[in-house]
Amino acid sequence: MKTESPKTIYLKDYTPAPYNVDTLALSFELFKDKTIVTSEARYKKNDKGTSNNLVLNGDHQKLISVEKDGMPVSDYDLTEKLLTLKDLGEEFTLTIVSKIDPASNTALEGLYKSQGNYCTQCEAEGFRRITYFQDRPDVLTLFTVRIEADKKLYPVLLSNGNLEDHGDLADGRHFTLWNDPFPKPCYLFALVAGDLVRTEDQFTTQSGREVDLHIYVREGDQEQCDHAMESLKKSMKWDEEMYGREYELELFNIVAVSDFNMGAMENTSLNIFNTALVLAQQETATDSDFINVEGVIAHEYFHNWTGNRVTCRDWFQLSLKEGLTVFRDQEFSADMNSRAVQRIDDVNHLRRFQFSEDVSPLAHPIQPDDFMEISNFYTMTVYEKGAEVIRMQHTLLGADTYRKATDLYFERYDGHAVTCDDFVACLAEVSGRDMDHFFLWYKQAGTPSIDVKTHYNKEKQSLTLTMTQSLADTAGQTNKKPMHIPVAVGLLN
(Lines give C-alpha, C1' and ligand atoms only; values in the text may rest on other atoms or scores of the structure.)
Protein backbone atom coordinates (compact mmCIF):
# COMPACT_ATOMS: atom_id res chain seq x y z
CA MET A 1 0.00 0.00 0.00
CA LYS A 2 1.08 3.56 -0.71
CA THR A 3 0.98 6.17 2.05
CA GLU A 4 -0.92 9.41 1.37
CA SER A 5 0.55 12.74 2.57
CA PRO A 6 -1.72 15.50 3.94
CA LYS A 7 -2.42 18.31 1.51
CA THR A 8 -4.12 21.70 1.60
CA ILE A 9 -7.68 21.82 0.27
CA TYR A 10 -8.82 25.05 -1.44
CA LEU A 11 -12.35 26.33 -1.88
CA LYS A 12 -11.47 27.60 -5.37
CA ASP A 13 -10.65 24.04 -6.46
CA TYR A 14 -14.11 22.63 -5.71
CA THR A 15 -15.53 20.38 -8.42
CA PRO A 16 -18.69 18.23 -8.20
CA ALA A 17 -18.35 14.54 -7.44
CA PRO A 18 -17.94 12.52 -10.66
CA TYR A 19 -20.75 10.16 -9.65
CA ASN A 20 -24.03 10.56 -7.81
CA VAL A 21 -25.37 7.77 -5.61
CA ASP A 22 -29.08 7.06 -6.02
CA THR A 23 -29.34 4.50 -3.21
CA LEU A 24 -27.03 2.96 -0.62
CA ALA A 25 -27.83 -0.29 1.19
CA LEU A 26 -25.56 -1.02 4.15
CA SER A 27 -25.37 -4.30 6.05
CA PHE A 28 -23.52 -4.62 9.36
CA GLU A 29 -22.70 -7.98 10.92
CA LEU A 30 -21.39 -7.27 14.42
CA PHE A 31 -19.15 -9.93 15.94
CA LYS A 32 -16.88 -9.94 18.98
CA ASP A 33 -13.60 -9.42 17.12
CA LYS A 34 -14.76 -7.85 13.85
CA THR A 35 -17.58 -6.21 11.93
CA ILE A 36 -18.35 -7.16 8.35
CA VAL A 37 -19.74 -4.24 6.33
CA THR A 38 -21.43 -4.78 2.98
CA SER A 39 -22.15 -1.69 0.90
CA GLU A 40 -24.37 -1.85 -2.19
CA ALA A 41 -24.48 1.51 -3.95
CA ARG A 42 -26.25 2.51 -7.15
CA TYR A 43 -23.98 4.97 -8.96
CA LYS A 44 -24.87 7.29 -11.82
CA LYS A 45 -22.48 9.54 -13.73
CA ASN A 46 -22.83 13.18 -12.78
CA ASP A 47 -23.24 15.43 -15.83
CA LYS A 48 -21.13 18.05 -14.01
CA GLY A 49 -18.43 15.58 -13.06
CA THR A 50 -15.03 16.03 -14.67
CA SER A 51 -13.60 12.51 -14.22
CA ASN A 52 -14.49 9.06 -15.48
CA ASN A 53 -12.78 7.49 -12.48
CA LEU A 54 -14.55 6.67 -9.23
CA VAL A 55 -12.31 7.50 -6.27
CA LEU A 56 -13.59 6.20 -2.93
CA ASN A 57 -12.29 7.17 0.49
CA GLY A 58 -11.44 4.34 2.86
CA ASP A 59 -9.40 4.17 6.04
CA HIS A 60 -8.50 1.51 8.63
CA GLN A 61 -10.39 -1.33 6.99
CA LYS A 62 -9.60 -4.51 5.11
CA LEU A 63 -11.10 -4.76 1.64
CA ILE A 64 -12.58 -8.22 1.07
CA SER A 65 -14.28 -7.93 -2.32
CA VAL A 66 -15.55 -5.55 -5.00
CA GLU A 67 -18.32 -6.35 -7.48
CA LYS A 68 -19.84 -4.34 -10.30
CA ASP A 69 -23.38 -5.41 -11.25
CA GLY A 70 -22.77 -8.77 -9.58
CA MET A 71 -19.44 -9.50 -11.32
CA PRO A 72 -16.09 -9.47 -9.45
CA VAL A 73 -13.80 -6.49 -10.03
CA SER A 74 -10.05 -6.94 -9.66
CA ASP A 75 -8.74 -4.02 -11.70
CA TYR A 76 -8.48 -1.25 -9.12
CA ASP A 77 -5.85 0.84 -7.34
CA LEU A 78 -5.76 0.61 -3.56
CA THR A 79 -3.72 2.90 -1.34
CA GLU A 80 -3.81 3.53 2.39
CA LYS A 81 -6.77 5.90 2.07
CA LEU A 82 -8.19 5.58 -1.46
CA LEU A 83 -9.81 2.94 -3.66
CA THR A 84 -9.80 3.99 -7.33
CA LEU A 85 -11.87 2.23 -10.00
CA LYS A 86 -11.58 3.23 -13.66
CA ASP A 87 -13.95 3.38 -16.64
CA LEU A 88 -16.99 1.96 -14.86
CA GLY A 89 -19.58 3.41 -17.24
CA GLU A 90 -22.56 5.70 -16.86
CA GLU A 91 -24.64 3.73 -14.37
CA PHE A 92 -23.91 0.64 -12.27
CA THR A 93 -24.29 -1.06 -8.89
CA LEU A 94 -21.11 -1.42 -6.86
CA THR A 95 -21.00 -3.94 -4.00
CA ILE A 96 -18.09 -3.68 -1.58
CA VAL A 97 -17.42 -5.99 1.38
CA SER A 98 -14.88 -4.95 3.99
CA LYS A 99 -13.88 -5.81 7.53
CA ILE A 100 -13.37 -3.32 10.34
CA ASP A 101 -12.51 -3.64 14.04
CA PRO A 102 -14.56 -1.12 16.06
CA ALA A 103 -13.04 -2.33 19.36
CA SER A 104 -9.58 -1.14 18.31
CA ASN A 105 -10.81 2.14 16.80
CA THR A 106 -9.28 4.56 19.30
CA ALA A 107 -9.80 7.53 16.97
CA LEU A 108 -13.50 7.44 17.97
CA GLU A 109 -14.41 8.27 14.36
CA GLY A 110 -16.50 6.03 12.16
CA LEU A 111 -17.83 2.98 14.02
CA TYR A 112 -16.19 2.35 17.38
CA LYS A 113 -16.87 0.28 20.48
CA SER A 114 -16.60 1.66 23.98
CA GLN A 115 -17.80 0.33 27.33
CA GLY A 116 -19.63 -2.48 25.57
CA ASN A 117 -21.63 -0.34 23.13
CA TYR A 118 -21.16 0.38 19.43
CA CYS A 119 -21.46 4.01 18.37
CA THR A 120 -20.67 6.16 15.33
CA GLN A 121 -19.26 9.62 14.76
CA CYS A 122 -19.00 10.40 11.04
CA GLU A 123 -18.74 14.20 10.90
CA ALA A 124 -16.65 15.39 9.27
CA GLU A 125 -14.81 12.49 7.62
CA GLY A 126 -15.49 9.43 9.75
CA PHE A 127 -17.62 7.47 7.28
CA ARG A 128 -14.48 6.40 5.39
CA ARG A 129 -13.59 4.28 8.44
CA ILE A 130 -16.80 2.28 7.87
CA THR A 131 -16.81 1.51 4.15
CA TYR A 132 -15.31 2.75 0.88
CA PHE A 133 -17.38 5.71 -0.32
CA GLN A 134 -17.19 9.26 -1.69
CA ASP A 135 -16.88 10.76 1.80
CA ARG A 136 -17.94 14.32 0.99
CA PRO A 137 -21.07 16.27 2.01
CA ASP A 138 -22.34 16.95 -1.53
CA VAL A 139 -22.99 13.25 -2.23
CA LEU A 140 -26.54 12.72 -0.94
CA THR A 141 -28.28 9.37 -1.16
CA LEU A 142 -31.15 7.30 0.24
CA PHE A 143 -29.90 4.96 2.98
CA THR A 144 -31.22 1.52 3.88
CA VAL A 145 -29.40 -0.08 6.82
CA ARG A 146 -29.51 -3.63 8.17
CA ILE A 147 -27.83 -4.36 11.52
CA GLU A 148 -27.26 -7.86 12.87
CA ALA A 149 -25.80 -8.73 16.30
CA ASP A 150 -26.01 -10.95 19.38
CA LYS A 151 -29.43 -10.22 20.91
CA LYS A 152 -28.36 -10.73 24.52
CA LEU A 153 -25.36 -8.43 24.30
CA TYR A 154 -26.93 -5.85 21.97
CA PRO A 155 -30.71 -5.81 22.39
CA VAL A 156 -30.90 -2.29 20.94
CA LEU A 157 -29.92 -1.83 17.27
CA LEU A 158 -30.52 1.68 15.90
CA SER A 159 -29.88 3.64 12.72
CA ASN A 160 -31.36 6.63 10.86
CA GLY A 161 -34.92 6.89 9.60
CA ASN A 162 -37.91 4.64 10.18
CA LEU A 163 -37.77 1.08 11.52
CA GLU A 164 -38.89 -1.12 8.61
CA ASP A 165 -38.37 -4.61 10.04
CA HIS A 166 -36.82 -6.55 12.91
CA GLY A 167 -36.65 -10.15 14.02
CA ASP A 168 -34.71 -13.03 15.52
CA LEU A 169 -32.04 -15.08 13.74
CA ALA A 170 -30.20 -18.32 14.43
CA ASP A 171 -27.52 -18.64 17.14
CA GLY A 172 -29.12 -16.07 19.44
CA ARG A 173 -28.72 -13.22 17.00
CA HIS A 174 -31.29 -10.67 15.80
CA PHE A 175 -31.57 -7.85 13.24
CA THR A 176 -33.19 -4.51 12.53
CA LEU A 177 -33.79 -2.87 9.15
CA TRP A 178 -33.91 0.92 8.82
CA ASN A 179 -34.97 3.15 5.94
CA ASP A 180 -34.38 6.89 5.68
CA PRO A 181 -36.70 8.31 2.97
CA PHE A 182 -34.81 11.62 2.74
CA PRO A 183 -31.44 11.86 0.98
CA LYS A 184 -28.50 12.69 3.22
CA PRO A 185 -24.71 12.84 3.07
CA CYS A 186 -22.73 10.06 4.69
CA TYR A 187 -21.50 12.29 7.53
CA LEU A 188 -25.05 12.11 8.93
CA PHE A 189 -25.11 8.30 9.00
CA ALA A 190 -25.43 6.82 12.49
CA LEU A 191 -25.49 3.40 14.12
CA VAL A 192 -25.87 2.47 17.78
CA ALA A 193 -25.84 -1.06 19.17
CA GLY A 194 -25.89 -1.81 22.87
CA ASP A 195 -27.67 -2.69 26.07
CA LEU A 196 -29.68 0.47 26.73
CA VAL A 197 -33.02 1.36 28.33
CA ARG A 198 -35.65 3.55 26.70
CA THR A 199 -37.80 6.47 27.81
CA GLU A 200 -40.81 7.05 25.53
CA ASP A 201 -43.14 9.90 24.61
CA GLN A 202 -45.00 11.27 21.58
CA PHE A 203 -45.34 14.55 19.74
CA THR A 204 -48.24 15.59 17.53
CA THR A 205 -47.07 17.67 14.59
CA GLN A 206 -48.89 20.69 13.17
CA SER A 207 -50.40 18.46 10.46
CA GLY A 208 -51.67 15.97 13.06
CA ARG A 209 -49.13 13.16 12.67
CA GLU A 210 -47.93 11.27 15.74
CA VAL A 211 -44.15 11.03 16.12
CA ASP A 212 -42.67 8.52 18.58
CA LEU A 213 -39.92 10.05 20.74
CA HIS A 214 -37.34 7.78 22.39
CA ILE A 215 -34.36 8.53 24.61
CA TYR A 216 -31.91 5.64 25.14
CA VAL A 217 -29.52 5.64 28.11
CA ARG A 218 -27.65 3.14 30.24
CA GLU A 219 -29.52 1.41 33.05
CA GLY A 220 -29.88 3.78 36.01
CA ASP A 221 -29.89 6.99 33.98
CA GLN A 222 -33.51 6.81 32.78
CA GLU A 223 -34.84 8.81 35.76
CA GLN A 224 -32.91 11.86 34.53
CA CYS A 225 -34.42 12.07 31.02
CA ASP A 226 -37.67 13.95 31.66
CA HIS A 227 -36.21 17.44 31.11
CA ALA A 228 -34.50 16.40 27.87
CA MET A 229 -37.76 14.91 26.58
CA GLU A 230 -39.70 18.07 27.39
CA SER A 231 -36.97 20.14 25.74
CA LEU A 232 -37.27 18.03 22.59
CA LYS A 233 -41.03 18.56 22.40
CA LYS A 234 -40.63 22.32 22.98
CA SER A 235 -38.03 22.42 20.18
CA MET A 236 -40.30 20.63 17.73
CA LYS A 237 -43.18 22.99 18.51
CA TRP A 238 -40.99 26.12 18.31
CA ASP A 239 -39.55 25.11 14.94
CA GLU A 240 -43.05 24.67 13.56
CA GLU A 241 -44.23 28.04 14.88
CA MET A 242 -41.15 30.16 14.10
CA TYR A 243 -39.87 28.54 10.89
CA GLY A 244 -42.77 26.39 9.66
CA ARG A 245 -40.54 23.30 9.88
CA GLU A 246 -42.40 20.08 10.63
CA TYR A 247 -40.64 16.83 11.47
CA GLU A 248 -41.62 14.33 8.76
CA LEU A 249 -40.33 10.94 10.02
CA GLU A 250 -42.23 8.51 12.23
CA LEU A 251 -39.56 8.32 14.90
CA PHE A 252 -37.01 10.52 16.64
CA ASN A 253 -34.31 8.84 18.73
CA ILE A 254 -31.80 10.31 21.16
CA VAL A 255 -28.98 8.18 22.54
CA ALA A 256 -26.95 9.47 25.51
CA VAL A 257 -23.77 7.68 26.58
CA SER A 258 -20.94 8.99 28.76
CA ASP A 259 -18.19 7.94 26.34
CA PHE A 260 -19.46 9.74 23.24
CA ASN A 261 -16.45 11.73 22.04
CA MET A 262 -18.38 14.84 20.95
CA GLY A 263 -20.83 16.97 22.91
CA ALA A 264 -23.64 15.95 20.59
CA MET A 265 -24.25 15.04 16.94
CA GLU A 266 -27.30 15.76 14.79
CA ASN A 267 -27.45 12.53 12.73
CA THR A 268 -30.82 12.39 10.99
CA SER A 269 -33.46 11.10 13.47
CA LEU A 270 -30.75 9.52 15.66
CA ASN A 271 -29.08 12.26 17.68
CA ILE A 272 -26.18 11.00 19.79
CA PHE A 273 -25.21 12.92 22.93
CA ASN A 274 -22.76 12.81 25.76
CA THR A 275 -24.80 12.21 28.92
CA ALA A 276 -23.67 15.58 30.34
CA LEU A 277 -25.96 17.28 27.80
CA VAL A 278 -29.03 15.09 28.34
CA LEU A 279 -29.27 13.98 31.97
CA ALA A 280 -30.63 16.46 34.52
CA GLN A 281 -32.66 16.19 37.72
CA GLN A 282 -33.61 18.67 40.43
CA GLU A 283 -31.50 17.04 43.14
CA THR A 284 -28.16 17.39 41.35
CA ALA A 285 -28.50 19.84 38.44
CA THR A 286 -28.21 23.64 38.55
CA ASP A 287 -30.37 26.10 36.64
CA SER A 288 -27.53 26.46 34.15
CA ASP A 289 -27.46 22.70 33.66
CA PHE A 290 -31.16 22.67 32.78
CA ILE A 291 -30.77 25.60 30.37
CA ASN A 292 -27.74 23.97 28.71
CA VAL A 293 -29.57 20.67 28.20
CA GLU A 294 -32.56 22.50 26.73
CA GLY A 295 -30.37 24.55 24.38
CA VAL A 296 -28.25 21.65 23.09
CA ILE A 297 -31.28 19.37 22.60
CA ALA A 298 -32.80 22.21 20.56
CA HIS A 299 -29.60 22.83 18.59
CA GLU A 300 -29.28 19.23 17.44
CA TYR A 301 -33.00 18.95 16.66
CA PHE A 302 -32.96 22.21 14.64
CA HIS A 303 -30.23 20.69 12.48
CA ASN A 304 -32.95 18.41 11.10
CA TRP A 305 -33.65 21.20 8.61
CA THR A 306 -30.62 23.50 8.88
CA GLY A 307 -27.90 20.98 8.13
CA ASN A 308 -29.69 17.72 7.36
CA ARG A 309 -32.58 18.34 4.96
CA VAL A 310 -30.55 21.24 3.54
CA THR A 311 -26.86 20.45 3.93
CA CYS A 312 -23.42 21.83 3.02
CA ARG A 313 -21.97 21.47 -0.46
CA ASP A 314 -18.45 21.31 1.00
CA TRP A 315 -16.82 21.86 4.38
CA PHE A 316 -15.96 25.47 3.56
CA GLN A 317 -19.71 26.05 4.04
CA LEU A 318 -19.71 24.73 7.64
CA SER A 319 -21.17 27.95 9.04
CA LEU A 320 -24.13 27.52 6.67
CA LYS A 321 -25.43 24.90 9.08
CA GLU A 322 -23.65 25.74 12.33
CA GLY A 323 -23.91 29.53 12.41
CA LEU A 324 -27.56 29.38 11.34
CA THR A 325 -28.41 26.67 13.85
CA VAL A 326 -26.63 28.45 16.71
CA PHE A 327 -28.72 31.55 15.94
CA ARG A 328 -31.83 29.38 15.96
CA ASP A 329 -31.01 27.75 19.30
CA GLN A 330 -30.15 31.15 20.84
CA GLU A 331 -33.54 32.51 19.80
CA PHE A 332 -35.27 29.38 21.08
CA SER A 333 -33.56 29.74 24.47
CA ALA A 334 -34.49 33.42 24.56
CA ASP A 335 -38.15 32.53 23.99
CA MET A 336 -38.08 29.72 26.58
CA ASN A 337 -36.34 31.78 29.29
CA SER A 338 -35.27 35.43 29.66
CA ARG A 339 -34.46 37.09 26.34
CA ALA A 340 -32.29 39.76 27.99
CA VAL A 341 -30.31 37.27 30.08
CA GLN A 342 -29.83 34.99 27.07
CA ARG A 343 -28.50 37.85 24.96
CA ILE A 344 -26.12 38.99 27.69
CA ASP A 345 -24.79 35.41 28.04
CA ASP A 346 -24.35 35.01 24.28
CA VAL A 347 -22.50 38.33 23.95
CA ASN A 348 -20.26 37.63 26.94
CA HIS A 349 -19.42 34.22 25.49
CA LEU A 350 -18.67 35.78 22.10
CA ARG A 351 -16.46 38.54 23.53
CA ARG A 352 -14.57 36.19 25.82
CA PHE A 353 -13.81 33.41 23.34
CA GLN A 354 -14.45 34.43 19.73
CA PHE A 355 -12.97 37.93 19.97
CA SER A 356 -9.74 36.44 21.32
CA GLU A 357 -9.72 33.96 18.42
CA ASP A 358 -10.10 36.88 15.98
CA VAL A 359 -6.94 38.60 17.27
CA SER A 360 -4.86 35.42 17.40
CA PRO A 361 -2.70 33.80 14.69
CA LEU A 362 -5.64 31.39 14.21
CA ALA A 363 -8.01 34.13 13.01
CA HIS A 364 -10.01 33.00 9.97
CA PRO A 365 -13.21 33.96 8.10
CA ILE A 366 -16.44 32.10 8.81
CA GLN A 367 -16.10 30.82 5.24
CA PRO A 368 -12.38 29.96 4.98
CA ASP A 369 -10.55 29.73 1.68
CA ASP A 370 -8.46 26.67 2.51
CA PHE A 371 -7.78 24.02 5.14
CA MET A 372 -5.52 21.06 5.65
CA GLU A 373 -7.62 19.36 8.35
CA ILE A 374 -11.34 20.15 8.48
CA SER A 375 -11.63 19.32 12.19
CA ASN A 376 -9.55 22.47 12.86
CA PHE A 377 -12.43 24.65 11.64
CA TYR A 378 -15.02 23.62 14.22
CA THR A 379 -14.34 26.94 15.88
CA MET A 380 -15.97 29.78 17.78
CA THR A 381 -15.71 31.85 14.59
CA VAL A 382 -17.68 29.39 12.45
CA TYR A 383 -20.29 28.81 15.17
CA GLU A 384 -20.68 31.94 17.30
CA LYS A 385 -19.56 34.65 14.87
CA GLY A 386 -21.51 32.80 12.19
CA ALA A 387 -24.61 33.14 14.39
CA GLU A 388 -24.02 36.87 14.84
CA VAL A 389 -23.82 37.31 11.06
CA ILE A 390 -27.19 35.57 10.73
CA ARG A 391 -28.54 37.82 13.49
CA MET A 392 -27.44 40.91 11.55
CA GLN A 393 -29.24 39.62 8.46
CA HIS A 394 -32.35 39.02 10.57
CA THR A 395 -32.08 42.61 11.84
CA LEU A 396 -31.60 44.08 8.37
CA LEU A 397 -34.57 42.24 6.87
CA GLY A 398 -36.92 42.27 9.85
CA ALA A 399 -38.61 39.18 11.28
CA ASP A 400 -41.36 38.85 8.64
CA THR A 401 -39.09 39.21 5.59
CA TYR A 402 -36.47 36.96 7.16
CA ARG A 403 -39.14 34.27 7.65
CA LYS A 404 -40.24 34.55 4.01
CA ALA A 405 -36.60 34.23 2.94
CA THR A 406 -36.00 31.10 5.03
CA ASP A 407 -39.24 29.61 3.68
CA LEU A 408 -37.84 30.12 0.18
CA TYR A 409 -34.50 28.64 1.24
CA PHE A 410 -36.08 25.44 2.59
CA GLU A 411 -38.47 25.08 -0.34
CA ARG A 412 -35.79 25.60 -2.96
CA TYR A 413 -33.01 23.53 -1.42
CA ASP A 414 -34.69 20.70 0.49
CA GLY A 415 -32.67 17.58 -0.32
CA HIS A 416 -29.72 19.56 -1.71
CA ALA A 417 -26.17 20.43 -0.69
CA VAL A 418 -25.70 24.19 -0.95
CA THR A 419 -23.46 27.13 -0.05
CA CYS A 420 -23.49 30.21 2.17
CA ASP A 421 -23.94 32.18 -1.05
CA ASP A 422 -27.21 30.31 -1.74
CA PHE A 423 -28.59 31.23 1.68
CA VAL A 424 -27.69 34.91 1.36
CA ALA A 425 -29.11 34.93 -2.19
CA CYS A 426 -32.50 33.87 -0.83
CA LEU A 427 -32.41 36.76 1.66
CA ALA A 428 -31.54 39.16 -1.16
CA GLU A 429 -34.22 37.81 -3.50
CA VAL A 430 -37.05 38.11 -1.00
CA SER A 431 -35.99 41.42 0.55
CA GLY A 432 -34.89 43.14 -2.66
CA ARG A 433 -31.64 44.11 -0.91
CA ASP A 434 -28.23 43.95 -2.52
CA MET A 435 -26.35 41.64 -0.13
CA ASP A 436 -23.06 41.56 -2.06
CA HIS A 437 -21.31 44.00 0.27
CA PHE A 438 -22.67 42.23 3.35
CA PHE A 439 -21.04 39.00 2.15
CA LEU A 440 -17.67 40.44 3.22
CA TRP A 441 -18.61 39.13 6.69
CA TYR A 442 -18.18 35.62 5.31
CA LYS A 443 -14.80 36.31 3.67
CA GLN A 444 -12.88 38.66 5.99
CA ALA A 445 -11.39 37.57 9.30
CA GLY A 446 -11.19 39.73 12.40
CA THR A 447 -13.43 41.83 14.62
CA PRO A 448 -14.18 45.35 13.30
CA SER A 449 -13.53 48.29 15.64
CA ILE A 450 -15.98 51.19 15.54
CA ASP A 451 -14.99 54.69 16.63
CA VAL A 452 -18.02 56.90 17.34
CA LYS A 453 -17.83 60.68 17.69
CA THR A 454 -20.83 62.81 18.67
CA HIS A 455 -21.61 66.46 18.02
CA TYR A 456 -24.70 68.22 19.41
CA ASN A 457 -25.90 71.44 17.71
CA LYS A 458 -27.80 73.39 20.35
CA GLU A 459 -29.32 75.85 17.89
CA LYS A 460 -30.69 73.18 15.57
CA GLN A 461 -31.18 70.70 18.42
CA SER A 462 -29.58 68.00 16.29
CA LEU A 463 -27.13 65.26 17.21
CA THR A 464 -24.59 64.11 14.62
CA LEU A 465 -22.90 60.74 14.94
CA THR A 466 -19.71 60.10 12.97
CA MET A 467 -18.70 56.45 12.86
CA THR A 468 -15.37 55.15 11.59
CA GLN A 469 -14.73 51.46 11.07
CA SER A 470 -11.34 49.74 11.04
CA LEU A 471 -10.36 46.10 10.65
CA ALA A 472 -6.88 44.99 11.65
CA ASP A 473 -4.74 42.77 9.45
CA THR A 474 -4.89 39.05 10.13
CA ALA A 475 -2.91 36.10 8.77
CA GLY A 476 -3.09 36.24 4.97
CA GLN A 477 -5.46 39.24 4.90
CA THR A 478 -4.49 42.92 4.71
CA ASN A 479 -6.10 46.18 3.58
CA LYS A 480 -9.61 44.96 4.34
CA LYS A 481 -12.80 46.65 3.26
CA PRO A 482 -15.32 48.14 5.73
CA MET A 483 -18.28 45.85 6.36
CA HIS A 484 -22.02 46.49 6.57
CA ILE A 485 -23.15 46.77 10.21
CA PRO A 486 -26.73 47.56 11.24
CA VAL A 487 -26.74 50.16 14.05
CA ALA A 488 -29.64 50.89 16.38
CA VAL A 489 -29.71 54.38 17.91
CA GLY A 490 -31.73 55.48 20.90
CA LEU A 491 -31.86 58.75 22.91
CA LEU A 492 -32.09 58.49 26.68
CA ASN A 493 -33.67 61.93 27.25
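The side chains of Arg391 and Glu331 pair up in a salt bridge, with N and O 3.1 Å apart; the term stands for a side-chain nitrogen of Lys or Arg within 4 Å of a carboxyl oxygen of Asp or Glu. This pair links distant parts of the chain, 60 residues apart: Arg391 sits in helix H5 (residues 380-397) and Glu331 in helix H3 (residues 318-336). Helices here are DSSP runs of H or I, at least four residues long, numbered from the N terminus. Arg391 is buried at 15% relative accessible area, and Glu331 is buried too, at 13%. Buried means under 20% relative accessible area, exposed over 50%, and partly exposed in between (1.4 Å probe, protein chains only).

Keep in mind that this is a predicted model, where local features need pLDDT of at least 70, side-chain atom pairs count only at pLDDT 80 or more, and totals for chains, interfaces and linings use all residues. Residues are numbered from 1 along each chain as its sequence is written, and side-chain values use heavy atoms, leaving out hydrogens and water.

Now for two other pairs. Asp13 bridges to Lys12, with the closest N and O atoms 3.3 Å apart. Lys12 is exposed at 67% relative accessibility, while Asp13 is partly exposed at 44%. Then there's Lys453, whose salt bridge with Asp451 has its closest N and O atoms 2.7 Å apart. Here Lys453 is exposed at 52%, and Asp451 is partly exposed at 38%.

Salt bridges can also share partners, and that joins Glu123, Glu266, Lys321 and Glu322 into one network. By the 4 Å rule, the count comes to 36 salt bridges.

Note on methods:
Helices (H or I, at least four residues) and strands (E, at least two) are DSSP runs, numbered from the N terminus.
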